[in-house]
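Me: I would like to learn how to read features off a model of a protein chain. Can we go through one case at a time?

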Amino acid sequence: RQLGVAAGQPVLIATQSDRTRQLVLTLDVAAIVPARLLGGRSVLADIAQLDLIEAYYDGFALPEHGIADGRDIATRNAAFEGIRAYATRLEDLAPLQNRMETRFGVSTIARTREVQATLQLGRNLNLALMLTAVVACVGLGAALLAGFWGAVQRKAPVMATLSLMGIGGVRLSLFPVTQAILCALAALAVSFAMFGLASLVVQAMFRPDDGASMVRIAPVELLAIVAGVLAFVLATSLAAARAAQRTDPATVLREGS
């Protein structure tokens, strides 16, 4: 960014040493690393290019680059003091470190304990959230069952009249079930609207540097929530409707009158 170079453009790299001739390389920029990932004035290059520059500073001749003075490059024993390896995911850090130490017999430095502790904390929080959600779902089922049961009981005279008119069975059950599903859809719409407003507030409060969304729901999770709520509503409303169907319509109308 300081040089005003974009990805895909060539850059000229030259060494600075007391040798009679400097090593000059023309390389293409593959990408600009975000500042939050790599601080300072740093360049990441292919290992072959880094080895070539290291050979130049070690005093070896590089005839293919016009540097004839120096020791024969064939006598050079390439040795590296260290490398930096990157794991794709945090979960891969510990296995990668163990594999490198076992295979190459070298010691590695990584913040594995901190990463493992953070991942364990995330798993514990997810477990606590799941248990909370299970308890909430049980309470939701009980509340829905009581609510729909009371609604069906209040509409018992109407359902009894419909039953005496010949509208019974599945058609009569559709009356409370349809009402319950419509109420559930309206509640879901209001809930997701409130969730959207809350996510906007959280996004405005924290404002991440990379612009990533702080609060989001995957499409699969959204469908699972909708399907779960509708399943709860359908089961509880059907249970209440079936209970009302087992009541004698004549008895309901006689008690009501």
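Me: Is Tyr-56 buried or exposed?

Reply: A word first on the source: this is a predicted model. The term buried is used for a relative accessible area under 20%. Tyr-56 has a relative accessible area of 0%, so Tyr-56 is buried.

Me: Which class does Tyr-57 fall in?

Reply: Values between the limits for buried (under 20%) and exposed (over 50%) are called partly exposed. Tyr-57 has 44% relative accessibility and therefore counts as partly exposed.

Me: How many aromatic pairs are there?

Reply: Ring pairs are found from the distance between ring centres, with a limit of 6.5 Å. The count here is one aromatic pair. The partners are Tyr-56 and Tyr-57, with ring centres 5.5 Å apart.

Me: Why is the pair of Tyr-56 and Tyr-57 edge-to-face?

Reply: The angle between the planes decides, and over 60 degrees the term is edge-to-face. The planes of Tyr-56 and Tyr-57 stand at 75°, so this pair is edge-to-face.

Me: Which residue lies over the face of Phe-60?

Reply: For this feature one looks for the charged end of Lys or Arg above a ring. In this model Arg-71 lies over the face of Phe-60, 4.2 Å from the ring centre.

Me: How many helices and strands does the chain have?

Reply: The chain has seven helices and two strands. Read from the N terminus, the order of elements is β-β-α-α-α-α-α-α-α.

Me: What share of the residues in the chain is buried?

Reply: Of the 257 residues in the chain, 19% are buried. The accessible surface comes to about 18,900 Å², and carbon and sulfur atoms hold 63% of that surface.

Me: Which residues make a nonpolar surface patch?

Reply: A patch of this kind joins nonpolar side chains that lie within 5 Å. Leu-127, Met-130, Leu-131, Val-134 and Val-138 make a nonpolar surface patch of about 480 Å². One of these residues, Leu-131, lies in helix α3, which spans residues 112–154.

Me: How many salt bridges does a search of the whole structure find?

Reply: Side chains of opposite charge can pair when their charged atoms come close. The search of the whole structure finds five salt bridges. One of them joins the side chains of Asp-69 and Arg-19, at 3.9 Å from N to O.

Me: Which residue does Arg-89 form a salt bridge with at 3.2 Å?

Reply: That partner is Asp-92, where 3.2 Å separates the closest N and O atoms. The side chain of Arg-89 also meets that of Glu-91 in a salt bridge, at 4.0 Å from N to O. Each of the residues involved counts as partly exposed: Arg-89 at 48%, Glu-91 at 40% and Asp-92 at 27%.

Me: Which residues are linked in a network of salt bridges?

Reply: Salt bridges can be read as links between residues. Asp-51, Asp-58 and Arg-76 are linked in such a network.

Me: Which residues is Thr-112 in contact with, leaving aside its neighbours within four places in sequence?

Reply: Contact here means heavy atoms within 4.5 Å. With those neighbours left aside, Thr-112 is in contact with Leu-93, Ala-94 and Gln-97. Thr-112 is found in helix α3 and counts as buried at 14% relative accessibility.

Me: Where is Gln-97 placed?

Reply: Gln-97 belongs to helix α2, and at 14% relative accessibility Gln-97 counts as buried. Not counting residues up to four places away in sequence, Gln-97 touches Thr-108, Ala-110 and Thr-112.

Conventions: Residues numbered from 1 in each chain as written. Predicted model: local features only at pLDDT ≥ 70, side-chain atom pairs only at ≥ 80, totals over all residues. Heavy atoms only, no water. Phe/Tyr/Trp six-rings, centres within 6.5 Å; stacked < 30°, edge-to-face > 60°. Buried < 20%, exposed > 50% of the residue type's maximum accessible area, 1.4 Å probe, protein only. Lys NZ or Arg CZ within 6 Å of the ring centre and 35° of its normal. Helix = DSSP H or I, 4+ residues; strand = E, 2+ residues; numbered from the N terminus. Areas by Shrake-Rupley, 256 points an atom, 1.4 Å probe, with all protein chains shown as cover. Patch = residues over 30% accessible without salt bridge, like charges linked within 9 Å, V, L, I, M, F, W, Y side chains within 5 Å.
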